[in-house]
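Please look over the model below. A short report on its helices and their packing follows.

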Amino acid sequence: MCGGGGGDDGSAEARRREEERQARIRAGMTSIDRTFSGFDDNFYNQRRDAYTAYAMPQLEDQYTDAVGTLTAALARSGLMQSSVAARKSGNLSRDYSLQRQNVVDQGIGQATQARRDIENSRSALVTD
């Protein structure tokens with residue numbers, strides 16, 4: 001037959017190079033996985049809780065100030081026991097509840113954005 005015996009050596013060399021390439025890919029993936037292993041649900045829950053712990057006291061202070069301002073205004077007007085006082089207090093309580101939920105939602109949003117950013121970074125490493 002023609003061509004003389006060099007074909008098997010080239011195929012073996014290509015196979016060896018491919019196996020080495022695959023080993024480097026596996027090692028790289030292992031390194032990436034190890035680097036990103038700390039970014040688990042606990043990490044994101046801590047981000048959420050940290051934001052809430054930061055923002056909630058500020059909301060509490062604002063609410064306390066608003067209650068004081070409303071109470072003083074109602075007292076000056078002689079309306080402490082009126083339907084106006086009940087309505088305004090109810091509105092203030094409703095607004096406070098909405099803002100509390102907003103703080104919780106923003107904490108969840110912070111955690112979600114962190115998860116997205118970290119996953120994008122991980123994906124960029126994998127695809128490069």
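## F43 and its contacts

F43 touches G38 and I118, leaving out residues up to four places away in sequence; contact means heavy atoms within 4.5 Å. F43 lies in helix α2. Helices here are DSSP runs (H or I, at least four residues), numbered from the N terminus. F43 is partly exposed, at 22% relative accessible area. Buried means under 20% relative accessible area, exposed means over 50%, and partly exposed falls in between (1.4 Å probe, protein chains only). F43 and Y54 are 11 residues apart in sequence and 17 Å apart in space, C-alpha to C-alpha.

This is a predicted model: local features need pLDDT of at least 70, side-chain atom pairs count only at pLDDT 80 or more, and totals for chains, interfaces and linings use all residues. Residues are numbered from 1 along each chain as its sequence is written, and side-chain values use heavy atoms, with hydrogens and water left out.

## Helix α2

Helix α2 covers residues 41-77, 37 residues in total. From its first C-alpha to its last, α2 reaches 52 Å, close to the 54 Å expected at 1.5 Å a residue. The expected span is 1.5 Å times one less than the number of residues. After α2 comes G78, with a positive phi near 70°.

The buried residues of α2 are Y44, Y51, A55, M56, L59, L70 and L74. They pack against α3 (83-127). An α-helix has 3.6 residues a turn, so residues three or four places apart point the same way.

## L59 in detail

L59 sits in α2. Is L59 buried or exposed? L59 is buried, because its relative accessible area is 10%. Neighbours within four places aside, L59 is in contact with Y96, Q99, R100 and V103. L59 and L125 are 66 residues apart in sequence and 40 Å apart in space, C-alpha to C-alpha.

## Helix α3

Helix α3 has 45 residues. It reaches 65 Å from first C-alpha to last, close to the 66 Å expected at 1.5 Å a residue. Its buried residues are A85, L92, Y96, V103, G107, A111, A114 and I118. These pack against α2.

G109 is also found in α3. G109 counts as partly exposed, because its relative accessibility is 36%. G109 and Y51 are 58 residues apart in sequence, yet 9.8 Å apart in space, C-alpha to C-alpha.

## How α2 and α3 pack

Two packed helices are described by the angle between their axes and the distance between the axes. For α2 and α3, the angle is about 160° and the axes are 8 Å apart. Axes are lines fitted to C-alpha atoms, for helices over the stretch in contact, and angles run from 0 to 180 degrees between N-to-C directions. The two helices are therefore roughly antiparallel; that term applies to angles over 145 degrees.

The contact of α2 with α3 involves 21 nonpolar, 7 polar and 7 charged residues. Ala, Val, Leu, Ile, Met, Phe, Trp, Tyr, Cys and Pro count as nonpolar, Asp, Glu, Lys and Arg as charged, and the others, Gly among them, as polar.

Note on methods:
Angles under 35 degrees count as roughly parallel, over 145 as roughly antiparallel, 65 to 115 as roughly perpendicular and the rest as oblique.
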